[in-house]
Amino acid sequence: MNQLYYGDNLQVLRDHIADESVDLIYLDPPFNSKRDYNLLFKSPKGVASEAQIEAFEDTWHWNEQAEREFDELLHQPNTSVADMMAYLTMMANRLLELHRVLAPTGSLYLHCDPTASHYLKIVLDGVFGKENFRNEIIWKRTTSHNDAKNQYPDVTDTIFYYGKTEAAPFRRQFIGYSEHYLTTKYRHVDAEGRRYRLSDMRSPSPRPNLTYAYKGHEPHPNGWAISLEKMKALDECGRLEFPKKQGGRIQL
Ligand SMILES: C[S@@+](CC[C@H](N)C(=O)[O-])C[C@H]1O[C@@H](n2cnc3c(N)ncnc32)[C@H](O)[C@@H]1O
């Protein structure tokens, strides 16, 4: 607790951080930006048949064939492929350590951008299990750096959020509405000064069992959205507003 380590995080994690001892990890690693990744998935040269069998089985294991192809990838002339592999290898090793130190109820947030986010998602799914992926949070930057000349402007970063297990807690986030939203969307005010909005009570699809008259008011041909019991309960709490005339309408 309350320690700051200086050094390569792989070594620090291995030497100093105990298994399952961390509740929250946020990392902002190098993004490997300004690289061309397009060729990462170029077919490896030769030995296609075994690969095809494995692809057909849809299950991939690290075996001699994979080892050979990996070696081939690293040594073929397009160095951007090897650079990407180096980056992902660096990240995968550290993510494995981060996974190890995270408590079963812990969470990890990884900040990156589109230059590597799709590749990192695959590595993260491998390390954490894709069932533990919670969200891709999009972080909108304030300006597009005037980069919209030959493409759409690049204005977002990405934060991947994973729980170590499904037991990792999530605290629901609440944020106050803006004054503009409140005054435009909650246009009505009750006797106590509390703002509210009206919405219609009609069923979105035909519900013959919810088709009943309430206090003399006939429903929309689809029926009401709620049962008579719930209608009465809402009425008792003063949460229903009736048209002035039978068959009349309220401006929502
Ligand atoms: C994208 S920057 C983070 C910037 C930082 N969050 C900030 O707002 O200033 C990536 C950082 O990771 C650090 N870094 C790269 N490899 C590392 C390693 N193996 N161990 C520890 N830190 C590393 C770099 O020095 C760099 O500061």
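This is a predicted model: local features need pLDDT of at least 70, side-chain atom pairs count only at pLDDT 80 or more; totals for chains, interfaces and linings use all residues.

Entry 1, the ligand. With that cut-off I looked at Asp 8, where an N or O atom of the side chain is 2.9 Å from a nitrogen atom of the ligand. Asp 28 also uses its side chain: I read 2.5 Å from one of its N or O atoms to a ligand nitrogen. For Asn 9 I had to go to the backbone, where an N or O atom lies 3.0 Å from a nitrogen of the ligand. How much of the ligand's accessible area does the protein cover? I get 38% of the 600 Å² that the ligand has on its own.

Then I listed the shell. Gly 7, Asp 8, Asn 9, Asp 28, Pro 29, Pro 30 and Arg 94 surround the ligand. Sorted by class, I count three charged, two polar and two nonpolar residues.

Entry 2, the sheet. I traced four strands in an open sheet with mixed pairing, ordered β1-β2-β4-β3. Which strands are at the edges? They are β1 (22-27) and β3 (133-140), and each pairs on one side only. Ignoring direction, I find neighbouring strands turned by 15° against each other on average.

Next I checked β2 (residues 102-112) against β4 (residues 156-163): the two run antiparallel and are joined by six bridges. In this pairing I found Leu 110 opposite Phe 160 of β4.

Helix α4 (residues 79-101) packs on the sheet, where I see it touching β1 and β2. The direction of α4 makes about 150° with that of β2. Helix α5 (residues 117-128) lies across β2, β3 and β4, and I get about 5° between α5 and β4.

I located Leu 198 in the loop between β6 (195-196) and α7 (228-236). What does Leu 198 touch, leaving aside neighbours within four places in sequence? I noted His 188, Glu 241, Ile 250, Gln 251 and Leu 252. I also took the C-alpha to C-alpha distance from Leu 198 to Arg 187, eleven residues apart in sequence, and got 8.7 Å.

Notes. Residues are numbered from 1 along each chain as its sequence is written. Side-chain values use heavy atoms; hydrogens and water are left out. A residue is near a molecule or strand if one of its heavy atoms lies within 4 Å of it. A polar contact is a pair of N or O atoms within 3.5 Å; within protein, one must be able to donate a hydrogen and the other to accept it, and residues adjacent in sequence count only if both atoms are side-chain atoms. Accessible areas come from the Shrake-Rupley method with a 1.4 Å probe; for residues, only the protein chains shown count as cover. Ala, Val, Leu, Ile, Met, Phe, Trp, Tyr, Cys and Pro count as nonpolar, Asp, Glu, Lys and Arg as charged, and the others, Gly among them, as polar. Two strands pair if DSSP finds at least two bridges between them. Axes are lines fitted to C-alpha atoms, for helices over the stretch in contact, and angles run from 0 to 180 degrees between N-to-C directions. Contact means heavy atoms within 4.5 Å.
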